[in-house]
Amino acid sequence: RHSPKYLIFLFYSRSVRRSFSFIPYLPNGSREKVAERDAHYSIDASYSNQGPGWNGRANNAINSWNAIGNTPFRFLANGGDGDNHVQAGDPSCSANNPPCLAGTVRFTNGNAITQFLVIINVFDGYSFYDGTQAPTIPTNYYDLESATRHELGHALGLCHSARGNLMAAGFAAGTLYPIDKDSKKGDRFLYNPNYTGVGPEGPCF
């Protein structure tokens with residue numbers, strides 16, 4: 001039976017706070033990752049219809065993961081109804097204080113991720129920068145591309161990082177979060193059987 005796991009991306013202002021590992025580290029030492037090395041996806045109309053720059057920002061986020069070298073994993077476009085989805089909606093985190101910016105639902109079968117849903121929160125009043133509002137990101141906007149990129153990291157199998165980088169548990173408004181060295185190492189750890197670099201920070205929540 002395939003079971004869902006929720007990895008909620010919470011916002012908090014930058015402060016000293018422990019988050020969790022940048023890769024899954026399961027009790028038996030196994031690694032939870034996408035069952036296939038290629039994850040087919042669809043960008044749903046709920047996402048692309050939010051604004052003129054949304055579809056482009058999703059593609060930029062996806063392409064940044066696909067540009068990582070020394071890893072066979074790729075996100076591939078043109079998924080079907082039963083495949084993986086990038087959406088805008090309610091990630092069911094409104095009870096958090098403050099509500100999350102976005103969330104990812106991962107469906108698993110054992111240690112294999114069989115399906116994921118990336119959901120950008122458009123129900124709780126956050127302003128997302130899609131590149132069309134101003135030449136540079138305003139200080140009161142959250143970067144849509146960075147939030148989507150972060151959630152795609154969860155989709156491929158990464159957890160939160162204790163470092164203030166792309167996979168940190170919270171983002172600051174007015175800030176861009178590119179792919180960083182930790183995220184690249186996590187991707188390679190999961191999908192490159194010849195990877196010999198750094199391992200997990202610690203337990204994944």
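Guide: Let's begin with a term: helices (H or I, at least four residues) and strands (E, at least two) are DSSP runs, numbered from the N terminus. Q87 sits in one of them, strand β5. This is a predicted model, in which local features need pLDDT of at least 70 and side-chain atom pairs pLDDT 80 or more, while totals for chains, interfaces and linings use all residues. Residues are numbered from 1 along each chain as its sequence is written, and side-chain values use heavy atoms, leaving out hydrogens and water.

The side chain of Q87 makes a polar contact of 3.1 Å with that of D44 (N or O atoms within 3.5 Å, one able to donate a hydrogen and the other to accept it; residues adjacent in sequence count only if both atoms are side-chain atoms). Beyond four places in sequence, Q87 also touches residues including Y47 and I120 (contact means heavy atoms within 4.5 Å).

Y47 and I120 lead us to the largest nonpolar core, which has 40 residues; both are among those with the most contacts inside it, as are F75, L152 and L156. Such a core is a set of buried Ala, Val, Leu, Ile, Met, Phe, Trp, Tyr and Cys residues joined through side-chain atoms within 4.5 Å, buried being under 20% relative accessible area with a 1.4 Å probe, protein chains only. Strand β5 (84-89) and helix α3 each supply at least two residues of this core.

F75 contacts L152 and L156, among others. In α3 (residues 144-156), 13 of its 13 residues are buried. Just after α3, G157 takes a positive phi of about 125°.

How values were computed:
Buried < 20%, exposed > 50% of the residue type's maximum accessible area, 1.4 Å probe, protein only.
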